[in-house]
Amino acid sequence: YSCGEHAHLRPQAGDFYAEKLADGLARYTDLRPHHRVLEVGAGFGRFTFEVLQNCQSVTALDLSERLLASLAATRDEREIPAERCDTLVSDVDALDASPRTYDRIVGFFFLHHLPDFPGTLKRLARLLAPGGRMAFLEPNRRNPLFLAQVACCPDMPWSDEKGMFTLSARKVESAYRAAQLTLQPTERFGFFPPQVLNRIGAARAFEARVERWRWLQGILPFLLLGAEKPEA
């Protein structure tokens with residue numbers, strides 16, 4: 001797939017927003033310290049290092065050699081061993097012949113960029129160890145702020161991001177079933193954009209309350225979409 005470089009997704013100190021999203025996905029997938037994770041569409045690694053706090057290792061995959069070189073440089077600056085955070089330049093659809101398997105396969109804002117995400121999920125399912133889980137954090141197309149973000153963010157052109165307005169939880173669930181995976185219930189969470197969440201401490205406590213308001217559940221901005229591979 002092709003998408004913009006998303007410079008706003010660089011790792012940064014004090015990024016509570018990235019930490020919250022990664023922790024939410026870690027909880028949703030029951031990520032454990034001994035797990036080996038494949039992160040698809042890792043980019044600069046904004047979420048990679050947060051995921052790494054919860055597992056044994058992360059393989060960061062992306063099409064862009066330059067973005068992964070930046071991720072590796074950040075890894076080295078933080079003195080993280082390469083065997084805990086390795087990088088892999090590849091098209092995700094070229095991985096299905098790999099003999100390597102993973103306990104978890106995850107992605108942040110990734111699925112809506114794919115021209116054939118059902119086919120990709122089916123191929124990725126072959127890389128899951130028995131009992132492994134796959135999960136993606138995606139924007140909720142019902143939240144109006146994403147349309148405003150695409151309109152205002154220069155490195156998020158409509159041609160790259162239009163998929164977020166057609167991707168639905170129901171379509172992803174159908175693709176998981178076709179890949180012979182067992183569905184997890186979809187979860188919705190979040191409220192504020194990073195510009196607010198990272199700068200205003202009081203917003204974090206308020207967001208935690210808002211997430212419990214049932215009448216807002218349908219438009220909360222983030223979807224957690226997951227499934228599990230049955231045991232052999």
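Rings of Phe, Tyr and Trp (its six-membered ring) count as a pair if their centres lie within 6.5 Å; planes under 30 degrees apart are called stacked, those over 60 edge-to-face, and the rest tilted.

## Basis of the model

The structure is a predicted model, in which local features need pLDDT of at least 70 and side-chain atom pairs count only at pLDDT 80 or more, while totals for chains, interfaces and linings use all residues. Residues are numbered from 1 along each chain as its sequence is written, and side-chain values use heavy atoms, with hydrogens and water left out.

## Aromatic pairs

Across the whole structure, 11 aromatic pairs are found. One of these is the tilted pair of Phe 47 and Phe 109, with 6.1 Å from centre to centre and 50° between the planes. Phe 47 belongs to the loop between strand E1 (36-40) and helix H2 (48-52), and Phe 109 to the loop between strand E4 (102-108) and helix H4 (117-125), so the pair ties together parts that are 62 residues apart in sequence. Helices (H or I, at least four residues) and strands (E, at least two) are DSSP runs, numbered from the N terminus. Phe 47 is buried at 4% relative accessibility, and Phe 109 is also buried, at 17%. Here buried means under 20% relative accessible area, exposed over 50%, and partly exposed in between (1.4 Å probe, protein chains only).

The planes of Phe 191 and Phe 206 stand at 75° with the ring centres 6.5 Å apart, so this pair is edge-to-face. It links distant parts of the chain, 15 residues apart: Phe 191 is in the loop between strand E7 (187-189) and helix H8 (194-197), and Phe 206 is in helix H9 (residues 201-210). Phe 191 is partly exposed, at 30% relative accessible area, and Phe 206 is partly exposed at 29%.

Ring pairs also join Tyr 17, Phe 47, Phe 108, Phe 109, Phe 189 and Phe 222 into a cluster.

## A buried strand residue

Val 58 is part of strand E2 (residues 57-62). Its relative accessible area is 0%, and Val 58 is therefore buried. The C-alpha atoms of Val 58 and Thr 87 are 8.5 Å apart in space, and the two residues are 29 apart in sequence.

## A positive surface patch

Arg 141, Arg 142, Arg 170, Lys 171 and Arg 188 form a positive surface patch. Patches are made of residues with over 30% relative accessible area and no salt bridge, like charges being joined within 9 Å and nonpolar side chains (Val, Leu, Ile, Met, Phe, Trp, Tyr) within 5 Å. A salt bridge is a side-chain nitrogen of Lys or Arg within 4 Å of a carboxyl oxygen of Asp or Glu.

How values were computed. Areas by Shrake-Rupley, 256 points an atom, 1.4 Å probe, with all protein chains shown as cover. Lys, Arg positive; Asp, Glu negative; His and termini not counted. Charge placed at Lys NZ, Arg CZ, Asp CG, Glu CD.
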